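Colleague: Can you take me through the packing in this one? I'd like the cut-offs as we go.

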Amino acid sequence: MSSAALPDLLPQTLEPLSPRITAAGELPEAAAALVRAYGCASMAGATLRAYRNDVGLFVAWCDRHGVSSLPAAPEVVAAFLVAEAEAGRAVSTIGRRCAAIRHAQMLAGVADPTGHAVVRSVMKGIRRTIGTAPKQKAAATVDVLAALLMHVPDTLAGKRDEALLALGFAGAFRRSELVGLDVDDLQMHPEGLRVRVRRSKTDQEGQGFEKAIPHGRFIRPVARLRTWLEAAGITEGPVFRPVSRSGHIRRGAPRLTHQAVGCIVKRYAEAAGLEAASFGAHSLRSGYITSAAERGADLGRIMDQSGHRNPRTVLGYIRRANAFQDHSGSGFL
């Protein structure tokens with residue numbers, strides 16, 4: 001099959017879970033559509049979008065080099081991955097490209113080329129050559145966050161940004177959790193706010209969990225959130241929404257995008273005289289965990305707030321935060 005046929009496996013909706021079902025006429029179209037829909041739902045939307053982009057890049061590369069992308073030979077996949085490494089892609093990105101190719105070949109019902117020894121060997125070599133240490137964004141600790149909040153203007157967009165920064169930090173939210181909040185997810189409590197997270201990276205089946213947000217004396221996340229909602233007149237639907245340059249809620253785009261969170265953090269980091277490129281949406285989450293660790297918070301309680309399932313991830317933050325506390329060489333260096 002030519003490489004031109006591969007994009008059809010992952011269209012904008014990523015519907016065709018198994019092209020063989022409809023091609024062979026084994027199922028009525030209505031039943032096949034249900035199978036495709038539930039198959040797509042097995043992955044997070046962000047993963048599907050990333051896979052679609054990865055497969056598109058692979059197809060384009062194959063077309064340029066005159067080789068088949070479906071079925072794809074192991075040597076072709078290996079060459080593509082090497083090209084990505086030479087282009088400076090991160091190991092995590094190259095690994096996801098490989099997974100996307102595997103998924104696309106599976107959907108087409110052809111042999112998986114990524115399991116071949118040549119591909120596994122190339123991936124091992126890429127990991128050894130480039131390294132797998134992640135490039136972590138700087139943590140927006142409580143002191144950094146206070147500096148960011150000092151530069152927020154007294155406008156409607158500013159009130160939104162204050163609430164987003166304060167709540168994002170106080171709840172150690174992932175950006176997807178933050179922009180996914182609706183007013184119905186908020187429940188006032190005498191001691192603060194209960195926030196229902198309906199779906200998260202570690203909760204793809206949507207069982208949901210709750211985060212407690214204290215009123216606080218310094219960051220005051222609950223007060224800032226209420227100020228934003230009242231100023232914007234938001235009583236239902238998405239909590240965080242785009243604001244036009246004229247200072248009005250944008251009706252056409254009811255929810256902030258994931259990318260907007262990172263842009264907001266960077267904007268105020270720059271205003272505060274910090275290196276904006278070092279900060280991003282994850283800085284709020286890592287900043288809370290780091291601040292809590294510096295103050296000796298219990299590991300389990302930190303995980304309650306962050307929603308982490310693997311304690312080793314949180315322990316990494318704690319070790320960095322307390323790197324000089326009770327240092328083994330403090331008595332003789």
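Colleague: What is Leu-225 in contact with, leaving aside its neighbours within four places in sequence?

Modeller: Ala-163, Leu-167, Leu-186, Leu-193, Val-239 and Phe-240, where contact means heavy atoms within 4.5 Å. This is a predicted model: local features need pLDDT of at least 70, side-chain atom pairs count only at pLDDT 80 or more, and totals for chains, interfaces and linings use all residues. Residues are numbered from 1 along each chain as its sequence is written, and side-chain values use heavy atoms, with hydrogens and water left out.

Colleague: How many residues are in the largest nonpolar core?

Modeller: It has 47 residues, and Leu-225 is among those with the most contacts inside it. A nonpolar core is a set of buried (under 20% relative accessible area, 1.4 Å probe, protein chains only) Ala, Val, Leu, Ile, Met, Phe, Trp, Tyr and Cys residues joined through side-chain atoms within 4.5 Å.

Colleague: Which helix supplies the largest share?

Modeller: α8, with eight residues; helices are DSSP runs (H or I, at least four residues), numbered from the N terminus.

Colleague: Switching to rings. How many aromatic pairs are there?

Modeller: Three in the whole structure, pairing meaning Phe, Tyr or Trp (six-membered ring) centres within 6.5 Å, with planes under 30 degrees apart stacked, over 60 edge-to-face and the rest tilted. Phe-58 and Phe-80 are edge-to-face, at 5.1 Å and 70 degrees.

Colleague: Are those two buried or exposed?

Modeller: Both Phe-58 and Phe-80 are buried.

Conventions: Buried means under 20% relative accessible area, exposed over 50%, partly exposed in between (1.4 Å probe, protein chains only). Helices (H or I, at least four residues) and strands (E, at least two) are DSSP runs, numbered from the N terminus.
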